[in-house]
Amino acid sequence: MDLVFLHCIANTDIQGLSVGGWTMMLTSVGVVLGLSMFCLYRMFRGAEPSQHHHAPLEIDTRDLDNSPL
Amino acid sequence: MARSSSQAEAPRERWGSKLGVVLAVAGSAVGLGNFLRFPGTAVNNGGGAFMLPYLISFLILGIPICWAEWTLGRLGGRFNRNSPPGIYGAIWPSRMGPALGSLGLVIPVIIFMYYVFLEAWCLQYAIEFFSGSFSEVFREATAQTAAGQETVDAVVASAGAHFESICGLSADGSVFPSVVDGAGLTVPMMFYLVIICYAVNFLLISRGVSKGIEFFCKIAMPALIVCALIILVRVLTLDGIERGLGFMWNPHWESLKNPDVWVAAAGQIFFSLSIGFGLILTYASYLDEREDVVLSGLTAASMNEFCEVILGGMIVVPAAFLFLGASNATGGTFGLGFITVPSIMHFMPGGQLFGGLWFGLLWLGAVTSSLSMLQPAIAFLENGYGMSRKRSVAVLCTICLCGSLPIIWFSRNVLALDHADFWAGTFLIYLAATGQVIVFGWVIGAEKGFAETNRGGDFAVPRFFPFLIRYVTPTFLIVIFGAWLYQSAPDYLRRMSPLHSGLHAVRTQQVDTALGGLVEALGPKAAAELQPEMELLREDALPRFWMVLDQQDWEQRLKGRLGEIARTRSVDFDTALLWDGAFRDSVADDRVQAEEDAAIGLGVFLSIMGFLLLVMGLSVFAYGRKGSRNRDEARTTVVGFS
């Protein structure tokens, strides 16, 4: 296995992560991880749904009655 | 045949918990694409630079459609409608609604028909790794190479041969039982595993939303993530892994000038989140009308991105580069998944265990996805036609088998699967998603739609989202749909035509033979200089769908082009053999095979379209009559199951 491993490293131009590579990798991981943690935190912390109304209970979709289709 | 008021008052299914529905939706999204398609697409489209169009697509395409679909689903659930035709019929009470909704029924059912086959592949690989039998595949490779020293190429070739053999790619019907002379009936392991995967899926779906789907996802999703994290830690602790991470993540900014990269990023987000074709619609319909969809939708999407970017992006391609080199670290989903990864596991210390974990987690992800593909149809049969759960499961199982059997039979080069995936798994999904966005943004109205989204929400949707869903998202979606059609449709249309495919097979042989002869006449150095011209010749030579079909006319043009190259390079090159009878006889088998393949492709296309028309008719009959939505159904008391 070691011979193959060295073969791969010896025959490549990739030297490792560049500054740009580190930036893109850490930014992407950070954004996704941050978003996931935020969502899971809010979800497990969440209160009763009745406390979260941001709109009237009844939405009148009268526009559908006038739909030409 | 919408449910009557008395039926509407019966208890309806619902999710047991918010976590349950989030895990179920995340499970429907997380699958092979997260771990295999994403890394291959990213590394082939600019590496780290790919993340820019990817994240932009997530914001303007993924999240808006995701929230819209959750909202539509929950809204439909208020009218006791749990299937896409029923939900659309409630929201858009006309024939158009259920007709559009039928796409959300047909697409997942057809995808299930071939996805269950992929599930069986994962299961067989997991069993082979855990049992240690996979190492036999590479023992043969070692024995065949000089002095018993393994080479990467020999290992990859062995993995490739094994994949073709056990997954049926080498010959049609090869995963079915066969009678071998002197040995009696031979039943490949894959055949049993397909049956097992069918049994697992239909057993779970028969238990219902809460006791079946939610129960399984609450176990499978955490298990999947734990397995992936174990492998991730293993990979990140390998010596020299930073080279592999560099190969994957170093940005190639110049690739952003290529519109294909943006199309690829948008497509990856779109298919990864499993949005727009009815799965989330159905799952969300089992929510209570006061339950949040904003946070739930965002959480499910973020879990999908966690599996894709963090787990998928940091495991396969970096490890493949490290052990197998750059040429083996890029590729399509099947190549990366079933050839590259086993090869990696052969070289990786502890590869038997990690290989088993890897394919085990892929199998779990595949099952959580395939379960979601069955529920829309179950809900349609229950809601729309009053069938009991048991009967609807039996009917759906029969329908799925009728589709799976031919797809699994015509497994050579995954021909039938490839055509089914193109038409149902891509083309129809684009159509369905475009329709859904237009319904949400224009039929319901974006402002009203997001007001409904915000109801019960843990936080409000940003104020620019109505503008986004009404103008930006559909435009972006139509642009990528159009670009994808332009890139891919001509080839698939050609592959469905026996006439075009037969000519293509003959002309491919003629062009390849001619180019081979030129290389021989000119020598390798001159041939390398001639490479761009040869590529142009090849592109010009092979027929696209709308090009002239007259073979004699085409041969004259090819003869002229070859003669011109020979004159400019001062080489004596005889092309006569390309047109004589012996050559034509030698390519006759290729022509016949290509024509048969085209007939299979055409059969798949016609079957899908026929099935779609049938389901459309059934949907319109069930939900398409004006007034079939009984407004009183919206005030039905919801009683949860214990």
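A residue counts as buried here if 20 or more other C-beta atoms lie within 10 Å of its own, as exposed if 12 or fewer do, and as partly exposed in between, with C-beta atoms placed from the backbone. Keep that in mind as you select chain A: of its 69 residues, 14% count as buried. You are looking at a predicted model, in which local features need pLDDT of at least 70 and side-chain atom pairs count only at pLDDT 80 or more, while totals for chains, interfaces and linings use all residues. Residues are numbered from 1 along each chain as its sequence is written, and chains are lettered from A and ligands numbered from 1 in the order in which they are written.

Stay on chain A and switch to cartoon. Chain A has two helices and zero strands (DSSP runs numbered from the N terminus: H or I of at least four residues for helices, E of at least two for strands).

Next, select α2(A), residues 19–45, together with α11(B), residues 241–249: their axes come within 9 Å and cross at roughly 80°. Axes are lines fitted to C-alpha atoms, for helices over the stretch in contact, and angles run from 0 to 180 degrees between N-to-C directions. Show side chains for G21(A), M24(A) and M25(A), which meet L245(B), G246(B) and W249(B); contact takes C-beta atoms, placed from the backbone, within 7 Å.

Now go to chain B. Its domain assignment gives domain 1 (5–134 + 191–492) and domain 2 (498–596), with bounds from an automatic or database assignment. Color them separately; their C-alpha centres lie 42 Å apart.

Select α6(B), residues 96–131, and α18(B), residues 415–454. These axes come within 9 Å and cross at roughly 150°, so the pair is roughly antiparallel. Among the contact residues are L100(B), I107(B) and F117(B) of α6(B), and L417(B), L428(B) and V439(B) of α18(B).

Last stop: the loop between α17 (389–409) and α18 of chain B, where you'll find N413(B). Most residues other than glycine have a negative phi. N413(B) has 15 C-beta neighbours inside 10 Å, so it counts as partly exposed. Click on V414(B), also found in this loop: its phi is positive too, near 45°, but V414(B) counts as buried because it has 20 C-beta neighbours inside 10 Å.

Key:
Angles under 35 degrees count as roughly parallel, over 145 as roughly antiparallel, 65 to 115 as roughly perpendicular and the rest as oblique. Two residues are in contact if their C-beta atoms, placed from the backbone, lie within 7 Å.
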